[in-house]
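Thanks for asking me to look this one over. My comments are below as numbered points, with the model itself first.

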Amino acid sequence: MQNVAILLAFALLYDYFWLQSRKKNYLLKKIFIGLAIGAITLILMLTPGVLLPGIVFDVRSVVLSVSGLFFGEIPTIVAMICAASYRIYLGGDGMYMGIAVIFTAGLIGVLWRYFRPAWRDKKFIKELTLMGLLVHFVMLTCTMLLPEDKILSTIENIAIPLIVIYIPSTILIGWFMVTQEKNFKNKRANEKLVESERRFSELLTNVHLLSIIVDNDGNIVFCNEFFLKLTGYRYYEIAGKSWIDTFVLKENRAEIRKSIENHDVSNHYEGEILNKNGNTISVFWSNVLLKDETGTVTGIASIGQDITDKKLSEEKLLEAKRRAEESDRLKSVFLSNMSHEIRTPLNTVVGFSELLSEKNLNDKKRKEYFDIVKSSGNKLIEIINDILDISKLETKQFKINKSVCYLNEIMYNTFESFKNSAELKNKPNLTLQMDFPDFLQDFEFESDTNRIQQVLDNLITNAIKYTEKGTIEFGVTSNLINGIQSLEFYVSDTGIGIDEKMYELIFERFRQVEENAYHQYGAGIGLSICKGIVDLLEGKIWVDSKIGEGSKFYFTVPYHTDFEKKKKNIKTENISLNIMNKRVIIAEDDKNSFFYLNALLKGHNLEISHAENGEVLLKMLEQETPDLILLDMNMPVKSGYDCLAEIKKRGIKTKIIAQTAYAGYDDRERCIEFGCSDYIAKPIKRGELYSVINKVMTD
Ligand code: ADP
């Protein structure tokens, strides 16, 4: 019993000082352990079984062999030295055998450890038995070192204890220590597992990754804080709820349901989930099937990374790339169109200038060539102006100058300039109409007259360009758009029309309905300039059209109702009319033009009469002599020139201002020659008219 207690102490030494020690490889530690084993051996030797006088036996062989096996060479050698020293000190007949047993037992243990390193693995009881047998067989042979007469009796005496005590003790203590070792390792592993599980769940809870676990039915078993934060839910709102019905997009539900049911979940995939507000979040998922110890699938654990921003920037990047490529392509198309656009009138200018230098050219031909050169030159200026406008719009240098605008001036000027334009004259089956409601005739507002005029001109030019016959109508109304009072202009035609899918594109830079249509049409920048201008005026531009039936372009110009207050502060270049209480005859065959002039002269207490043609004018002059005649030179029945001749003949003294659509130097000279006081070119601008009248009436 005593020995068993000591052996147990030995086993505990192994557990506490060896297995649990982190500094196993320190030499000092090994020596200390060796001393402790030596001490245990000494205690064993102090309580021996005395076989014969001077021949004592104890279980030192068990302790030392097991020490060699479990502790290795250094502790065992130290223990062997301690035990051997004590045995020498004891002396007696059995000393040599005792020392031999000490060394052979320890040595066998150490050698077993080195030559059978895998002895613990499976059949360690067998290994321990074999080693115990070997140690104690050697011990038996050590009896040879006893005095001859004691050998046999000793063998007889120790054979039975060897078999029933020593060998089983070796096995028992070895088994005990192996178990201790295994328990220790299990405990360690368990501790590590608990620790890593703790760290893992902490990681899952706090990491900036979405983490969820669903069971086999797709119900949510776990989700982390980040998941809740990102989706906007509280835990109790989704715990136990269906993952598919709560988070998966409708169109993907069937597919995901099937894959959860079949446990066929891909390890990694990109997908979208819905947050509480119904917005989508892009997630890169990594999934694993969860299994219990029997291998049965219990659910799916997923970790996901929020890639919404990444996706968005990817999309933006792709869009930017697409736009850059598109813009590159459009610029090339534009350049080739432009070079064609510029080259055509330029060739005409060069070609006809050469023809003009020919000597034998009659006046008629010369005038014809001259007109061609002039119109091609004008065309070139138009193109260059357009290019300048585009580049100003692109570089945000396009300026809007707000001042008082007179709607009648814009409308009548537009009508006047197009009515007499070459473009319209070249298309005899096309008529131009203006729809200008009465209630807007005197409308004044704050905006940029020139820019509005530019947009209208562009739209009407296009309408004429793309229409062969029928009517081009332009007009204006006043509307409340999005709570802001706006003027809504329109230009409609009965031309080729525009496909609905091009409605937006035609307002983009360098775009045409047909990209290779430039031979026939323009360069595709007019509408983009219009859009740029309307945007700057804070309005909108759009089109309504039907292929083959015609198009109607609209644009709005918002104006502010507090304009009246600001009006006085606005710097305008307007000249005011300085005549009062005069009688004026407007000789003008076009009703719209008469209305316009009438509107301009209103408010000055003038007595205005209208002569629709030359004959009516001459008749009127028989009755009265006005202070001023505004004489249209291009009237039916009797032209302005005929009237002038007649007035001269009759000796009527009145001031006459000629108005004509032709803006040549010759025209002016000719009018003055025929007796006019001055001359004004159509389209008539308010300021110009006032300054000419002021000048003529004070002369
Ligand atoms: P372009 O110089 O080619 O006329 P725009 O920018 O003015 O350039 O017009 C862009 C395209 O829109 C034109 O090429 C034409 O295809 C189409 N378009 C513009 N106005 C009309 C219209 N009134 N009728 C039919 N198509 C039109």
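1. Which exposed residues does the face of α6 turned away from its buried side carry? They are Lys126 and Phe137. Here, exposed means over 50% relative accessible area, buried means under 20%, and partly exposed is in between (1.4 Å probe, protein chains only).

2. A word on the basis of these notes. This is a predicted model, in which local features need pLDDT of at least 70 and side-chain atom pairs count only at pLDDT 80 or more, while totals for chains, interfaces and linings use all residues. Residues are numbered from 1 along each chain as its sequence is written, and side-chain values use heavy atoms, with hydrogens and water left out.

3. Back to α6, which runs over residues 124-141. Helices (H or I, at least four residues) and strands (E, at least two) are DSSP runs, numbered from the N terminus. The 18 residues of α6 reach 25 Å from first C-alpha to last, close to the 26 Å expected at 1.5 Å a residue; the expected span is 1.5 Å times one less than the number of residues. Its buried residues are Phe124, Glu127, Leu128, Met131, Gly132, Val135, His136, Val138 and Met139. They lie on the same side of α6, because they cover an arc of only 150 degrees around the axis, taken from the directions from the helix axis to the C-beta atoms.

4. Now α13 (363-394). Just after α13, Lys396 has a positive phi of about 60 degrees.

5. Ser492 is in strand β12 (residues 484-492). Why is Ser492 counted as buried? Because its relative accessibility is 17%. Leaving aside residues up to four places away in sequence, Ser492 touches Thr471, Ile472, Glu473, Ser551 and Lys552.

Notes: Contact means heavy atoms within 4.5 Å.
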